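Visitor: I am new to reading protein models. Could you walk me through this one?

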Amino acid sequence: MREAKKATVGKCEGRKAYGEKAGEADVLALMRSLRRKKNGKRMSYARIAEELNNREMPTRTGAKWHTTTVQNILKRKIP
């Protein structure tokens, strides 16, 4: 059963990746747009975390954003 689901969907176990749950896609899109190069420079992960906290966008657990959280989400390979 799990093998069949893995073959069709790609995964069937574990926590859902950030952006797969309802409402997270907008935050993920904002993170990606902030990370894009503007005037030849990218916004740092720390600055993106700070910007999300300033906009009062909580994490999945309701905590504040941290540099490593943003970095891990943005460096994840998208299927």
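This is a predicted model: local features need pLDDT of at least 70, side-chain atom pairs count only at pLDDT 80 or more; totals for chains, interfaces and linings use all residues.

Visitor: Which elements have the lowest and the highest mean pLDDT?

Guide: H1 has the lowest, at 76, while helix H3 (residues 45–54) has the highest, at 96.

Visitor: Where do I look for a nonpolar core?

Guide: Start with a general idea: in soluble globular proteins, nonpolar side chains tend to be buried together. Here, the largest nonpolar core has 13 residues, and Met-31, Leu-52, Trp-65 and Val-70 have the most contacts inside it. H2, H3 and helix H4 (67–75) each give two or more residues to this core, and H2 gives the most, with 5.

Visitor: What does Trp-65 touch?

Guide: Leaving aside residues up to four places away in sequence, the contacts of Trp-65 include Met-31, Leu-52, Val-70 and Ile-73.

Visitor: What does the side chain of Arg-35 reach?

Guide: That side chain reaches the backbone oxygen of Met-43 at 2.7 Å. Arg-35 also touches Tyr-45, Ile-48 and Leu-74, among others.

Visitor: And why is Glu-13 called partly exposed?

Guide: Because its relative accessible area is 42%, which falls between the 20% and 50% cut-offs. Glu-13 sits in the loop between helix H1 (2–9) and H2.

Notes: Residues are numbered from 1 along each chain as its sequence is written. Side-chain values use heavy atoms; hydrogens and water are left out. A polar contact is a pair of N or O atoms within 3.5 Å; within protein, one must be able to donate a hydrogen and the other to accept it, and residues adjacent in sequence count only if both atoms are side-chain atoms. Contact means heavy atoms within 4.5 Å. Helices (H or I, at least four residues) and strands (E, at least two) are DSSP runs, numbered from the N terminus. Buried means under 20% relative accessible area, exposed over 50%, partly exposed in between (1.4 Å probe, protein chains only). pLDDT is the predictor's confidence in each residue, from 0 to 100. A nonpolar core is a set of buried Ala, Val, Leu, Ile, Met, Phe, Trp, Tyr and Cys residues joined through side-chain atoms within 4.5 Å.
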